[in-house]
Amino acid sequence: MILDETYTLANGLPIPKLGLGTWFIPADAAAQAVRDAIGIGYRNIDTAQAYGNEHGVGDGVRSSGVPRGELFVSSKLAAEIKDYQDAVTAIDDSLSVMGLDYLDLMLIHSPQPWNDWRGGSYAEGNREAWRALEEAHTAGKLRSIGVSNFEQADLENILSAAAVAPQVNQILVHVGNTPDALLDYCTERNILIEAYSPIAHGEMLKNPDVTAMAGRYGVTVPQLCIRYALELGTVPLPKTANPEHMRSNAEVNFVISGQDMDTLRHLRMKDYGKSSRFPVFSGK
């Protein structure tokens, strides 16, 4: 079962191949969603300071009945934090809010603040935030560290000064958006890719070609999309608070043919609908 399978990060830490994303799960629903997911067998739980639900996620982890050491819990430093001291404070705040002694992974959420997405240069600020993550990693507060939404130039900026290289880059990867060059760059440097919004924030459910292919495999569109992300060697993080969807998302014990993988890899997403208002879906 995919929930029992892991990758190994560059630092030797195992990370479950499938995780639960919690973006847009309200704070008052997050604890139950996390408990439900863990009860089903999920061991990889992802949140962020920007999601506003760290407290609920932490509560769910602590009240799940599963030993903390069996879970892989991630959060993200707010995209607006581009200062060493602010980053130090924010890391400690996340641990306090979540009620946890350590996180298995913490990421810089974006190389730019959301209000300047893909805009100006924040190279020095990212290096300062990274230094804070490195120190928290050395102190044992963070078992691994990484980035999110970083392109090659952003990664090169971190690598130029890092004592510890990023172990993860969490980016938008789904059928219709496969950044092959960035995937290859990260793979060559042993940076694991986590794939957020593997179902294109739900928009892939509207695609007739993907729906038809899923039908040929006897699976749902989300299952096909999650399997696609897995076969790319990434960690898909589908978001849901629905236990039935959690179970279904983990039922991906099938293989997509090479020809169909090529077809899916070359699809291009043109419109994220209402989600286009979010920076990550804006086309920048």
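Let's start with a salt bridge, meaning a side-chain nitrogen of Lys or Arg within 4 Å of a carboxyl oxygen of Asp or Glu. Glu128 makes one with Arg131, and their closest N and O atoms are 2.9 Å apart. Both residues sit in helix 4, 3 residues apart, which is about one turn of the helix. That spacing is handy, because an α-helix has 3.6 residues a turn, so residues three or four places apart point the same way. As for cover, I'll call a residue buried under 20% relative accessible area, exposed over 50%, and partly exposed in between, with a 1.4 Å probe and protein chains only. Glu128 is partly exposed because its relative accessibility is 25%, and Arg131 is partly exposed too, at 32%.

A quick word on what you're looking at. This is a predicted model, so local features need pLDDT of at least 70 and side-chain atom pairs count only at pLDDT 80 or more, while totals for chains, interfaces and linings use all residues. Residues are numbered from 1 along each chain as its sequence is written, and side-chain values use heavy atoms, with hydrogens and water left out.

Back to salt bridges: how many does a search of the whole structure find? The count is 14. Another of them is between Asp92 and Lys141, where the closest N and O atoms are 2.8 Å apart. This pair links distant parts of the chain, since Asp92 belongs to helix 3 and Lys141 to the loop between helix 4 (123-138) and strand 7 (145-148), 49 residues apart. Asp92 is partly exposed at 33% relative accessibility, and Lys141 is partly exposed with 31%.

Next, please find Asp260 and Arg216, whose side chains meet in a salt bridge at 3.5 Å, N to O. Here too distant parts of the chain are linked: Asp260 is in helix 10 (residues 258-266) and Arg216 in helix 7 (residues 208-217), 44 residues apart.

Now let's zoom out. The chain has 10 helices and 10 strands; these are DSSP runs numbered from the N terminus, with helices being H or I of at least four residues and strands being E of at least two. The radius of gyration is 18 Å, close to the 19 Å that the globule rule gives for 284 residues, so the chain is as compact as a globular protein of that length. That radius is taken over C-alpha atoms, and the rule is 2.2 Å times the number of residues to the power 0.38. Along the principal axes, the C-alpha atoms fill a box of roughly 55 × 45 × 35 Å. Of the 284 residues, 54% count as buried.

Which way do the residues of strand 6 point? Leu105 and Leu107 point one way and Met106 and Ile108 the other, and all are buried.

Last stop, the inside. A nonpolar core is a set of buried Ala, Val, Leu, Ile, Met, Phe, Trp, Tyr and Cys residues joined through side-chain atoms within 4.5 Å. The largest one has 92 residues, and Tyr42, Leu77 and Leu224 touch the most other members. Helix 8 (residues 221-231) gives the most to this core, with 7 residues. Counting contact as heavy atoms within 4.5 Å, and leaving aside neighbours within four places in sequence, Leu224 touches residues including Val210, Met213, Phe254 and Leu264. Finally, helix 2 (residues 54-62) has buried residues, among them Val57 and Val61, and its buried residues pack against helix 1 (27-40), strand 4 (44-46), strand 5 (72-77) and helix 3 (84-98).
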